[in-house]
Amino acid sequence: MDSNFLITTFQQILAVLPTTLGLFALSVPIGAVFAVFILWMRMSANPILSGIAKTYIFFFRGTPLLIQMFLIFFGLAQFQFFHLPVFWVILANRFWTAVICLAFCTAAYSAEIFRGGLLAVPSKEIEAGRAIGMSGFKLLRRIIAPSALRQALPAYSTEVVLMLKSTSLAGLLGVVEMTGIAQKIGRQTLHEVLTLCLAGIVYLVIGFLVILLLGWFERLLSPHLRVMPPSAQTPRTIVG
């Protein structure tokens, strides 16, 4: 295989890396905000709000992301209501439509992950906080939120990595990202497997860095996971 071809192809894939990173960097935080809002509705005592949240989660977890993208991008455009500027500014832009699709999908999964973390918070910790006179917001900030996030982070880390790989579907909406450009070059040169392998290497490296970052954050929230320095460890008893 010509090394010049490998280098040129790799450079072309890296040229659209900012697009892939942009999809990932925007969809994950937007999806997290949506997830918190859906979680609030899901845990609400109001049956209407809870029912809406359950229906949302059921739909976006039960249907493929690809179908969701097609329904949002092609389906909503058929209704005149969505031609209003507030909607059309997003639907007319393939990149932002892909971001919203990814965010809507990950919000459904993340809401359930966050709910699991919330339910895993020990009731004794909440009761102890109330016993010392903590307000509702302070109880949430100091006890409930950190504990719930610590419980949910391992599963949420997996969801974040899956979202990185899901950005490859944005190419089906016409967004020029790494998988799309790799397929295009592969079809033109009849080396599609090789070009996809090169794109896969880039995804692998980025995913590894994301996992390292999330692992560091998990250790930050979980002091018991940190390795104790030798000076802090209990010295062994010397038997004479």
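Biologist: Quick one on L209: buried or exposed?
Modeller: L209 counts as exposed because its relative accessible area is 51% (exposed is over 50%, buried under 20%, partly exposed in between, with a 1.4 Å probe and protein chains only). The model is predicted: local features need pLDDT of at least 70, side-chain atom pairs need 80 or more, and totals for chains, interfaces and linings use all residues. Numbering starts from 1 along each chain as its sequence is written, and side-chain values use heavy atoms, without hydrogens or water.

Biologist: Where does L209 sit?
Modeller: In helix α10, residues 192-221 (helices are DSSP runs of H or I, at least four residues, numbered from the N terminus).

Biologist: Which residues form the nonpolar patch there, and what area do they have together?
Modeller: The surface patch consists of I201, V205, F208, L209 and L212, and together they have about 480 Å² of accessible area (Shrake-Rupley, 1.4 Å probe, only the protein chains shown as cover). Patch members have over 30% relative accessible area and no salt bridge; nonpolar side chains are joined within 5 Å, like charges within 9 Å.

Biologist: Switching topic. How many salt bridges?
Modeller: Three, taking a Lys or Arg side-chain nitrogen within 4 Å of an Asp or Glu carboxyl oxygen.

Biologist: What does E112 form with R42?
Modeller: A salt bridge, with the closest N and O atoms 3.8 Å apart. The two residues are 70 apart in the chain, E112 being in helix α6 and R42 in helix α2, so this pair links distant parts.

Biologist: And how far apart are the closest N and O atoms of E112 and R61?
Modeller: 3.7 Å, and that pair is a salt bridge as well. R61 belongs to helix α3, residues 47-62, and E112 to helix α6, so the contact ties together parts 51 residues apart in sequence.

Biologist: What's the exposure of R61?
Modeller: R61 is partly exposed, as its relative accessible area is 42%.

Biologist: Which residue is R115 bridged to?
Modeller: R115 pairs with E112, the closest N and O atoms being 3.2 Å apart. Both are in helix α6, three residues apart, so about one helical turn separates R115 from E112.

Biologist: Are those two buried or exposed?
Modeller: R115 is buried and E112 is buried too.

Biologist: So which residues end up in one network?
Modeller: R42, R61, E112 and R115, joined by salt bridges that share partners.
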